[in-house]
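Welcome, and please have your viewer open. We will walk along an interface and then stop at a helix.

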Amino acid sequence: VSRRLRTDPGERVDNTIADVRERAGMSRNELADAVGVHYQTVGYLERGEYNPSLALALRISAVLGCTVEELFSLDTSDFQKGHKQ
Amino acid sequence: VIDLGQRWKQATERNKDEVQRRADRQFEDEHFDLLRGPTARRAVAGTYVFVSLAMVASWFGGTIAGVGGLAVWGVAFVALRLSVRSLADMPDYVLDERMRRERDTTYISAFRMVSSVVGIAVAVLFVKVVVADANDESTVLIVNTDAANAMFWGVFALVLGAPSLAMAWRRNAVI
């Protein structure tokens with residue numbers, strides 16, 4: 001399941017943290033402790049309600065054993081639609 | 001020989017540990033979750049504004065009424081801070097990056113709030129002194145004890161409560 005966060009008009013960041021974390025067999029608390037944030041912050045990240053810094057994104061990807069690109073992707077479809085109009 | 005530098009450093013570390021412990025307690029607290037939903041936070045913020053104004057007015061009823069108003073304001077202030085887990089007043093080292101962003105965003109709103117209230121108050125004073133009494137060479141403002149108390153505690157409540165008030169009012173704040 002991919003969840004979205006609106007950052008700039010027309011730009012959204014999708015993430016798959018919840019899926020990758022569950023596949024890795026980690027709880028939110030364990031991931032939070034491993035990357036040095038509060039466990040609630042992991043929930044906000046997974047729901048797409050908070051967009052992490054680059055450093056935090058890199059820490060999460062290192063802990064989950066994948067690349068940043070596997071966890072986060074930029075959805076620019078709305079942005080492109082806006083430009084076409 | 002007492003090494004003041006070393007003692008200061010130790011005291012600073014002890015203080016940081018204590019602040020961290022208090023912050024952890026606040027983050028884990030579930031007793032006051034009733035105050036922490038978006039609507040409940042707004043209700044607490046509205047109550048704080050009302051109680052603060054009432055407290056300022058109470059000083060014009062004499063010292064006893066003023067102190068009574070201050071006691072009620074204290075309760076509203078504690079409720080306000082509980083509703084936002086005191087996040088608005090916590091230092092960097094106890095917050096993660098999301099919490100720091102929330103706090104910093106709140107401070108922009110709090111600054112606007114305080115500067116607006118102070119700006120309006122000064123503008124009203126300016127109109128009263130310079131515009132309304134333009135024919136007088138000088139205008140004397142008489143501030144008695146009640147008025148001085150009302151002004152002092154009003155500014156006190158505004159400055160102390162503004163960060164938590166701004167955070168409580170933001171419906172999309174993530175606390």
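How many residue pairs are in polar contact between chain B and chain A? There are five, both residues of each pair being at pLDDT 80 or more; a polar contact is a pair of N or O atoms within 3.5 Å, where, within protein, one must be able to donate a hydrogen and the other to accept it, and residues adjacent in sequence count only if both atoms are side-chain atoms.

Before selecting anything, note that this is a predicted model, in which local features need pLDDT of at least 70, side-chain atom pairs count only at pLDDT 80 or more, and totals for chains, interfaces and linings use all residues. Residues are numbered from 1 along each chain as its sequence is written, chains are lettered from A in the order in which they are written, and side-chain values use heavy atoms, leaving out hydrogens and water.

Now select the interface. Ten residues of chain B and 13 residues of chain A make the contact (heavy atoms within 4.5 Å). Together the chains bury about 950 Å², meaning accessible area (1.4 Å probe) lost on being put together, summed over both. Carbon and sulfur atoms account for 46% of that area. Next, pick Asp96(B), Glu97(B) and Arg98(B): this trio supplies 53% of the area that chain B buries against chain A, more than any other three residues.

After α3(A) comes Gly48(A), with a positive phi near 75°.

Technical notes. Buried area = accessible area lost by both parts, 1.4 Å probe. Helix = DSSP H or I, 4+ residues; strand = E, 2+ residues; numbered from the N terminus.
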